[in-house]
Amino acid sequence: MNPWLLFWLLLKASLFSTSGTGNVPILHHDMLALGWASDHTFAEALAIGQISPGPTGLWVISFAYLVDGIRGALLAVVAIAIPPFTALGVLIFYQRHGQHPAMQGFVRGLTLAVASMFLVVLVRIMHQAGIDWQSLGIAGAACGLTLSKRIPVPFILLLAGGMGILLY
Amino acid sequence: MHHVAMGPFFRAWARIGLQSFGGGSTTLYLMRQLTVTTHTWVSEREFAEYWGIVQVAPGINLLGQTALIGWKVARLRGALIALLGLLLPSISITIAITALYATIRDNPVVAAIIRGMIPATAGIGIILVVQMLRPSWQQARNEGRASMLGSMAVIIGAPLLLALTTLPAVLLLWGAGIVMAVLFWQLRVRSGDRS
């Protein structure tokens, strides 16, 4: 695995997204095209990202570890640490041009596209893992529990893991 | 700029990195408590303004927020130390959990646990998608029919193109941004013509 290319793909995905999981569709497209990761790897990393401390965006460190070991994880750390500094430039730019309709429209389009494209990745991950009544039940229950906000997300995942032992 | 000793400043951010189990909302809550309530490194208004800025800045929102607060406190040094403080414990724990997982992932019990977790991750992800779409959709409804139709075209068109074509995801994202930028600009021009 070429570490420079891996670093570039991680950095590019981070630079062209505006949230912790916004990089999923871009990375998913690039990594699957290269054959460096599978839907299963994404699912594993996203799950670990949810139960680890800090922003959920750190899922990408777990992902890079799974595809390239500790070297990949360190490359991911650098790749996610660079873009936040562009926020300083965005702060200045936004204070000057943030009210321009084209700027507002661009941000709106980006936000809508990132969110709706993430749905495609989720469907692919589910499909690859195998869709059956049990998995649909767990997904539905996770939706309901997340909506209720009564149980923290890491506990929902731990519960789902327990269900996995019982059902599979 | 504030006169803050960098040792305690680093440790304060590291504590957030250690305690913030539960994802972004926990981290944001702890960050606000530290920087607005406990210390007055930023005002309530600045904290909210920064949070708006990082929604459109590249990368992880919470890291952008950390960089902006660190910058306010001690310019580049503050931004670097705040980011390092927040990330060092979180990253170490994330790598440790992943490394442990990588050694036992072939175990049938672990495989069953992950098999249960995958649909749950998808379920949580679907709620995340809805939460991400809702504010923009509500804004579009308030803006009128043209904005709603444009938003709907992006919400349906972008995932369809991703699923059915080999177009790069980055291109689709930029395409969606440009389409909506042109639409908003045209709407403003027309409303200007009428007034």
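## Chain B: contacts and overall form

In chain B, 44% of the contacts with a separation of 6 or more join residues 24 or more positions apart; two residues are in contact if their C-beta atoms, placed from the backbone, lie within 7 Å. The model is predicted: local features need pLDDT of at least 70, side-chain atom pairs count only at pLDDT 80 or more, and totals for chains, interfaces and linings use all residues. Residues are numbered from 1 along each chain as its sequence is written, while chains are lettered from A and ligands numbered from 1 in the order in which they are written.

Chain B has seven helices and zero strands (DSSP runs numbered from the N terminus, H or I of at least four residues for helices and E of at least two for strands). The radius of gyration of chain B, taken over C-alpha atoms, is 21 Å, well over the 16 Å from the globule rule for 195 residues, so the chain is more spread out than a compact globule. That rule is 2.2 Å times the number of residues to the power 0.38. The C-alpha trace of chain B spans about 60 × 55 × 25 Å along its principal axes.

Of the 195 residues in chain B, 42% are buried. A residue is buried if 20 or more other C-beta atoms lie within 10 Å of its own, exposed if 12 or fewer, and partly exposed in between, with C-beta atoms placed from the backbone.

## Contact with chain A

Chain B puts 83 residues into the contact and chain A 84 residues. On the chain B side, α4(B) gives the most, with 23 residues. By class, this side has 60 nonpolar, 21 polar and two charged residues. Here Ala, Val, Leu, Ile, Met, Phe, Trp, Tyr, Cys and Pro count as nonpolar, Asp, Glu, Lys and Arg as charged, and the others, Gly among them, as polar.

## Helix α3(B)

The buried residues of α3(B) are B:Tyr50, B:Ile53, B:Val54 and B:Val56. Seen down the helix axis, they fall within an arc of 150°, so they line one face of α3(B); the arc is that of the directions from the axis to the C-beta atoms. These buried residues pack against α5 (86-97) and α6 (101-129) of chain A, together with α4 of chain B. B:Glu44, B:Arg45 and B:Gly52, on the other side of α3(B), are exposed.

## Nonpolar core

The largest nonpolar core holds 109 residues, of which A:Leu10, A:Ala113 and A:Met117 touch the most other members. α4(B) supplies the largest share of this core, 16 residues. Such a core is a set of buried Ala, Val, Leu, Ile, Met, Phe, Trp, Tyr and Cys residues joined through C-beta atoms within 7 Å.

Leaving aside neighbours within four places in sequence, A:Met117 is in contact with A:Pro25, B:Ala158, B:Pro159, B:Leu162, B:Ala169 and B:Leu172.
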